[in-house]
Amino acid sequence: MSDSTFLDLAELRQRYLKGGLDEENSADNPFRQFEIWFKQAQEADLLEPNAMSLSTVDAQGQPSLRTVLLKQFDTDGFVFFTNYQSEKSKQIAQNPNVALLFPWLALERQVKVLGKAEKISLAQSMKYFASRPKGSQIGAWVSQQSQVVSSKQVLLSQFEKMKQKFQSGEVPFPDFWGGYRVVPHQIEFWQGGDNRLHDRICYEWLDSENRWLKKRLAP
């Protein structure tokens with residue numbers, strides 16, 4: 001390796017003083033706690049508070065990470081939409097164990113979710129697709145996600161062709177597109193603390209007892 005000078009980040013530090021989280025002031029149910037924090041992220045005008053990092057693993061054990069958008073959540077899990085022929089979809093088909101991360105850094109918070117991804121019903125995917133702007137609907141038809149494309153102009157040209165094709169009437173639902181639900185077995189809420197004594201409240205699903213166990217983790 002050369003002796004080139006890189007940025008020295010050793011002194012790049014931030015004190016976390018915006019709040020705390022403990023067993024008493026956190027909800028008994030992780031979905032309720034997520035709802036509270038998500039609403040606070042919206043009220044803080046964070047840029048796309050529903051943006052979440054999705055981690056999958058390929059057949060060789062190589063992790064892959066990308067940002068997707070949360071579109072629905074309830075006590076059944078967290079839902080996002082994608083092309084079923086994409087890299088992420090192929091990896092989920094091989095190994096449904098995934099991780100999600102919501103990086104709400106402006107609030108000195110993050111939420112980590114561990115669970116399994118499963119396809120939602122066709123009816124649910126079709127309902128969401130119908131609610132999308134027409135341009136996004138057309139875009140789903142144009143993009144062969146994760147495939148090599150020779151240039152941006154090729155995509156734009158294909159978009160214009162599809163736009164003409166579907167200029168009258170509704171855009172049909174593409175059968176290669178739809179949603180996944182991440183069904184969690186662990187959800188961790190992280191709140192930055194002073195002197196790096198961060199608060200970590202973790203909820204773990206106990207299948208044998210049909211309940212969530214709440215516990216504090218060391219920072």
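This is a predicted model: local features need pLDDT of at least 70, side-chain atom pairs count only at pLDDT 80 or more; totals for chains, interfaces and linings use all residues.
## Notebook: pockets, cores and helix faces

**Entry 1, the second largest pocket.** I began with the second largest pocket, and its lining is made of Trp141, Val142, Ser143, Gln144, Gln145, Ser146, Gln147, Val148, Val149, Val154, Leu155 and Gln158. The most comes from α5, with three residues. I noted that helices (H or I, at least four residues) and strands (E, at least two) are DSSP runs, numbered from the N terminus. A pocket, on a 1 Å grid over the protein atoms alone, is an open set of points where a 1.4 Å probe fits, with protein on both sides within 12 Å along at least five of seven lines, and lining residues have an atom within 4 Å of a point.

The space in the second largest pocket is about 200 Å³. For such a volume, grid points are joined across faces, edges and corners, and the space filled by probe spheres set on the points is taken. I sorted the lining by type: six nonpolar, six polar and no charged residues. Here Ala, Val, Leu, Ile, Met, Phe, Trp, Tyr, Cys and Pro count as nonpolar, Asp, Glu, Lys and Arg as charged, and the others, Gly among them, as polar.

Residues are numbered from 1 along each chain as its sequence is written, and side-chain values use heavy atoms, with hydrogens and water left out.

How much space lies in the largest pocket? I found about 400 Å³. It is lined by 18 residues, and the closest to its centre are Phe81, Thr82, Arg132, Gln145 and Trp177. From each of β2, β4 and α4 come at least two of the lining residues. By type, the lining of the largest pocket has seven nonpolar, seven polar and four charged residues.

I counted five helices and nine strands in the protein chain. Their order along the sequence is α-β-β-β-β-α-β-β-α-α-α-β-β-β. A box of roughly 60 × 55 × 40 Å, taken along the principal axes, holds the C-alpha atoms. Of the 219 residues, 38% are buried; buried means under 20% relative accessible area, exposed over 50%, and partly exposed in between (1.4 Å probe, protein chains only).

Which residues of helix α2 (residues 87-94) are buried? They are Lys88, Ser89, Gln91 and Ile92. Looking down the axis of α2, I see its buried residues within an arc of 165°, so they line one face of the helix. That arc is taken from the directions from the helix axis to the C-beta atoms. Exposed Ala93 and Gln94 sit on the face turned away from the buried side of α2. The buried residues of α2 pack against β1 (51-57), β2 (63-69), β4 (77-83), β5 (97-104), β6 (109-119) and β7 (177-191), where contact means heavy atoms within 4.5 Å.

The buried residues I listed in α4 (residues 134-142) are Gln137, Ile138, Ala140 and Val142. Their packing partners are α3 (122-131), α5 (152-165) and β7.

A nonpolar core is a set of buried Ala, Val, Leu, Ile, Met, Phe, Trp, Tyr and Cys residues joined through side-chain atoms within 4.5 Å. The largest one has 30 residues, and Phe34, Phe78, Phe102, Trp104 and Val111 have the most contacts inside it. Helix α1 (30-43) gives the most to this core, with five residues. A second, separate core has 13 residues, including Val79, Phe81, Phe129 and Trp177. I also checked Phe102: leaving aside neighbours within four places in sequence, its contacts include Phe34, Pro49, Met52, Phe78 and Val111.

Most residues other than glycine have a negative phi. Glu108 is not a glycine, yet has a positive phi of about 55°. Glu108 lies in the loop between β5 and β6 and is buried, at 7% relative accessible area. Asn210, also not a glycine, has a positive phi near 55°. Asn210 is in the loop between β8 and β9 (211-217). Is Asn210 buried or exposed? With 59% relative accessibility, Asn210 counts as exposed.
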